Amino acid sequence: EWTEELKELDGRLDCYWSFHLWAGPAVVLKQSPPVRLVGTVEHDMDGRMSWCVIDILDHGQVLLANVYGPAAHELREQFFVECRQIIKRSMIKRHCEQLIVAGDFNCVLNPAFDRQLVSTKGECGHRNLSALMMELELIDAWPELMPNMHGFTWSPTSYMIKRGEAEERRELPEEWTDSDVQGDKIRRAGMARLDRWLVSLNILT
């Protein structure tokens, strides 16, 4: 339904789904300079990845992979292993030397900077994500283009913290603070950057 709405905005928008019962990342392309789709869009059987080759003006052909990482930490390691394998095979098959991996990774890269007021219990996935970036020689585009800005992309349901804890977190942006104060507690909303664009270095230059 929303695909048709997108097409109504511009007839040159094309949407490619990776269908699954509970997930389905999509690639939406505007077929006009400087980006052009080359060949077809492929997807995995689990509905967590879609990938294709795009031709970008001044950069040549680039493999574009769209991912939706699992939220359950016990599934992350296998997902990232399969993600690396699929991408490496596709780059060889499609004769691409440049790469963009984008989407909702459902984990952070820098736990100290990429999340605020979010529970730090459990494994947050940064080691899996770091390994993927190192093996595929990718950089995180956001901090390169917007240094010192968090760029949070996700917020859970707000929750209550004690006044003292709130006072200790003065470094947090004021716009996060909810005026809803109950007794000795103040309602705050946590945030994290789970979505990102990982790119080959020369794409940013």
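His 95 counts as exposed, at 69% relative accessibility, and its place is in the loop between H2 and E6. Although His 95 is not a glycine, its phi is positive, at about 60 degrees. The model is predicted.

**Positive phi in loops**

- Most residues other than glycine have a negative phi.
- His 95, with a positive phi of about 60 degrees, lies in the loop that runs between H2 and E6.
- Glu 137, a residue other than glycine, also has a positive phi, near 55 degrees.
- Glu 137 is found in the loop between H3 and strand E8, which spans 138-140.
- Glu 137 counts as exposed because its relative accessibility is 66%, and the cut-off for exposed is over 50%.

**The chain as a whole**

- The protein chain has five helices and 13 strands.
- Of the 205 residues in the protein chain, 42% are buried.
- Among contacts in the protein chain with a separation of 6 or more, 62% are between residues 24 or more positions apart.
- The protein chain exposes about 12100 Å², and carbon and sulfur atoms supply 54% of that area.

**Helix H2 against helix H3**

- Helix H2 (residues 73-93) packs with helix H3 (residues 126-136) at an angle of about 15 degrees, and the two axes are 10 Å apart.
- The angle makes H2 roughly parallel to H3, because angles under 35 degrees count as roughly parallel.
- The crossing in which H2 passes H3 is right-handed.
- On the H2 side, the residues that meet H3 are Arg 76, Glu 77, Phe 80, Cys 83, Arg 84, Ile 87 and Lys 88. On the H3 side, they are Asn 128, Leu 129, Ala 131, Leu 132, Glu 135 and Leu 136.
- By class, the residues of this contact of H2 with H3 divide into seven nonpolar, one polar and five charged.

**Leu 129**

- Leu 129 lies in helix H3 and is among the residues that meet H2.
- At 0% relative accessibility, Leu 129 counts as buried.
- Leaving aside neighbours within four places in sequence, Leu 129 is in contact with Phe 80, Phe 105, Cys 107, Val 108, Leu 109, Arg 196 and Leu 198. One of these, Phe 80, belongs to the H2 side of the helix contact.
- The C-alpha atoms of Leu 129 and Cys 107 are separated by 7.8 Å, and these residues are 22 residues apart along the chain.

**Phe 105**

- Phe 105 is found in the loop between strand E6 (98-104) and strand E7 (115-116).
- Phe 105 has a relative accessible area of 1% and is therefore buried, the cut-off being under 20%.
- Beyond its neighbours within four places in sequence, Phe 105 is in contact with Val 67, Gly 69, Phe 80, Leu 129, Leu 194, Arg 196 and Leu 198.
- Phe 80, Arg 196 and Leu 198, which are among these partners of Phe 105, are also among the contacts of Leu 129.
- Phe 105 and Pro 70 are 35 residues apart along the chain, and their C-alpha atoms are separated by 7.4 Å.

**Val 67**

- Val 67 has its place in strand E5 (residues 60-68) and counts as buried, at 2% relative accessibility.
- Not counting residues up to four places away in sequence, Val 67 touches Arg 48, Met 49, Phe 79, Cys 83, Val 101, Ala 102, Gly 103, Asp 104 and Phe 105. One of these, Cys 83, is in H2 and takes part in the contact with H3.
- Val 67 and Asp 104 are 37 residues apart in sequence, and 6.2 Å apart in space from C-alpha to C-alpha.

**Ile 139**

- Ile 139 is found in strand E8.
- Setting aside residues up to four places away in sequence, Ile 139 touches Met 133, Glu 144, Trp 197, Leu 198, Val 199, Leu 201 and Leu 204. Among them, Leu 198 is also in contact with Phe 105 and with Leu 129.

Notes
Residues numbered from 1 in each chain as written. Predicted model: local features only at pLDDT ≥ 70, side-chain atom pairs only at ≥ 80, totals over all residues. Heavy atoms only, no water. Axes fitted to C-alpha atoms, helices over the stretch in contact; angles between N-to-C directions. Helix = DSSP H or I, 4+ residues; strand = E, 2+ residues; numbered from the N terminus. Parallel < 35°, antiparallel > 145°, perpendicular 65-115°, else oblique. Left-handed = near helix turned anticlockwise from the far one by under 90°. Contact = heavy atoms within 4.5 Å. Nonpolar A, V, L, I, M, F, W, Y, C, P; charged D, E, K, R; others polar. Buried < 20%, exposed > 50% of the residue type's maximum accessible area, 1.4 Å probe, protein only. Areas by Shrake-Rupley, 256 points an atom, 1.4 Å probe, with all protein chains shown as cover.
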